[in-house]
Amino acid sequence: MLAHGVGARADLPLPVTFVRVGAAVALVASFVALAALWRSARLRGDLAGRPVPGSVARLVDSPVTTWVLRLLVLGLSVVVLVAALFGDPLQQFNVAPWALYITFWVGLVPASLLLGPVWGRLNPLRTVYAAVSRLTGPAPMADSLPRLGVWPGAVALLAFAWMELAAPERSEPRRVGLFLLVYAVVQLFAAVWFGAGWFAQGDGFEVWSRLLGRLAVVGRRADGALVWRNPLDGMSGQPAVPGLWAVVVVLIGTTGFDGVTRTTWWQDWRHGQEGDTLAATLGLLGAVAVVAVLYLVGAGIAGRVAGKPGVLDRYAPSLVPIAAGYAVAHYFSLFLFEGQTTWFLASDPFARGWDLFGTIDNAVDFTVVSDRTISVVQAVAIVGAHLVGLVLAHDRALEIDAEEGGRPHVAWMAQLPMLLVMVALTWGGLLLLLG
Amino acid sequence: MVGACPCTEGTDVPVLRRAVPALLSAVLLSACGGGDPSTIETPEPTATASAPGAPTATASASPTSTLPPGVDQLVRVTVRGGEVVGGAQRVKVKKGSVVRLLVTSDVADEVHLHTYDESVDVAAGSTAALTFTAAIAGVIEVELEEAGLTLVRLQIQ
């Protein structure tokens, strides 16, 4: 059966050399960062960036572009939903589970890292809400929205992860269709109450895309200009909204649990009982809890040392690269191999015997990338993410310290707990890949 | 609407510009070194095929059986009472070798080798054989379709 939605092939264990070197690099880099990086906060957040050429900015920001793309994405989403509910009942022949679990969920990561918060712009739920809101009028609870932060987004992501990793028959098309319907209805209902701003806080996919989009080389400056910028600046500009730490913890914990289900340790324990929803649910919550405890202890101590309460959400952005690294490490090969299946099955989405793109009988080409390349990408993703996170955490500690009066020794000590948390997560990520 | 703003070009990070390529090179260079199968430290509950021609038994004991011609590795699994005898193991397979999977089941079902998408029906109380060339690397599941039972995982590299 299928650990992460669809696909019954798992990556080979990472070579031990990679794990050792990667772990050493992460640890050494952490202390080099502590000792050698800058002494006062330098990242400029939303003030940084060099404007893109005017013609490009005009094209990107044009309402025509926005609406064409939105309608396209809405159309594709409807096709996937209809295929799920009315197409072939078997997962091997229905495009919907592949489109959701691989093309969309995994694809969101590179798309957002490269292009910015794409789902914020293209979210079909927003398109539907634009129509619905004409009938329902102004949102009655829009004022309460800021207080919620991204807590609802964390819940949404946890719900999706449960669906992907633990729900019974999670790869069956009808289940996928049901999930999509329920998710859409709940989100639209919430938007009717809280307004369009809900999606940026309550739609887990949009929240994830917006966070990842901060690491892109393009971004939106404080004055609204579309700019090229250093991803570190981009992420440092992420405001510390309530619940941000929960979103990051859910993402790392759930992806980590996906990795756990691929290890011999878990598989031996499960004795081949792949369908056990209870064990998977407990494991999922356990993994999230472990990451949560790690983070809360680390950020908590960091805040105490700095003499500043309430830093929990301010260190969360430095873990976003680690969440992205985990996602790349666990899903890279899935995207390139089993992800091809989406395009094959798209030739006949409604089980009518069509062959729209001539690909319905194609088989996955497993030669597109070698297992050695996969291992290298996995290790580089985890370790590289750690390096990026280090710089972000360092700068954030300095920024917090500056607010408290600027005591360099304190800034140094305040960083240490977060660095250790990040080393723990990186080592954990590498160990999970040992299989 | 680009008005006046206290905006800057952005932050240059010279330490990163030097450190990151060095660190990445370290990782990539290590990729050229180790990584051969013998360095993989997967918890290994069964014997691995260390010499060509040596059979690998996962569940039943048949240490002295010789291999059929053209077959490099035998993998045996027994299903009894809805469970795999000895539990679903992870068996190492050399990429490119010819593997014969022998599944003995007390119920009729279909043995499905994922990723390779090969199947063979097994009758109740008998043994079915599925022979294939392990061309695709990875950890591949073999499943008893109707029962939804994972029989064995083949670590092909």
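**Reading confidence, helices and cavities**

Mentor: Start with confidence, since this is a predicted model. Chain B has an average pLDDT of 73, and 59% of its residues score at least 70. Over residues 30–64 of chain B the pLDDT is below 50, and this stretch has 65 contacts in the model beyond near neighbours in sequence.

Trainee: How should a stretch like that be read?

Mentor: Where pLDDT is low, the predicted coordinates should not be read in detail. In this structure, that applies to residues 30–64 of chain B, with pLDDT below 50.

Trainee: What is the average pLDDT of chain A?

Mentor: Chain A averages 92, with 97% of the residues at a score of at least 70. Within chain A, the lowest confidence falls in helix H15 (residues 264–270), with a mean of 80, and the highest in helix H12 (residues 204–213), at 98. The model as a whole scores ipTM 0.83 and pTM 0.88.

Trainee: Next, how do I describe two packed helices?

Mentor: Two packed helices are described by the angle between their axes and the distance between the axes. Take helix H16 (residues 277–306) and helix H21 (residues 408–432) of chain A: their axes come within 7 Å and cross at roughly 175°. Angles over 145 degrees count as roughly antiparallel, so H16(A) is roughly antiparallel to H21(A).

Trainee: Which residues of H16(A) and H21(A) meet?

Mentor: On the H16(A) side they include Val291(A), Leu294(A), Tyr295(A) and Gly298(A), and on the H21(A) side Val410(A), Met413(A), Ala414(A) and Pro417(A) are among them. By class, the residues of this contact between H16(A) and H21(A) are 16 nonpolar, one polar and no charged.

Trainee: At what angle do the axes of H9(A) and H10(A) cross?

Mentor: The axes of helix H9 (residues 151–165) and helix H10 (residues 173–194) of chain A cross at roughly 170° and come within 12 Å. H9(A) and H10(A) are therefore roughly antiparallel to each other. H9(A) contributes Ala156(A), Ala159(A), Phe160(A) and Met163(A) to the contact, while H10(A) contributes Arg175(A), Val176(A), Phe179(A), Tyr183(A) and Gln187(A). Seven of these residues are nonpolar, one is polar and one is charged.

Trainee: How many cavities of 30 Å³ or more are found in the whole structure?

Mentor: The search finds seven.

How values were computed
Residues numbered from 1 in each chain as written. Chains lettered and ligands numbered in written order. Predicted model: local features only at pLDDT ≥ 70, side-chain atom pairs only at ≥ 80, totals over all residues. Heavy atoms only, no water. 1 Å grid on protein atoms, 1.4 Å probe; cavity = no way out; pocket = protein on both sides within 12 Å on 5 of 7 lines; lining within 4 Å. Points joined across faces, edges and corners; volume = space filled by probe spheres on them. pLDDT = per-residue confidence, 0-100. Contact = heavy atoms within 4.5 Å. Axes fitted to C-alpha atoms, helices over the stretch in contact; angles between N-to-C directions. Helix = DSSP H or I, 4+ residues; strand = E, 2+ residues; numbered from the N terminus. Parallel < 35°, antiparallel > 145°, perpendicular 65-115°, else oblique. Nonpolar A, V, L, I, M, F, W, Y, C, P; charged D, E, K, R; others polar.
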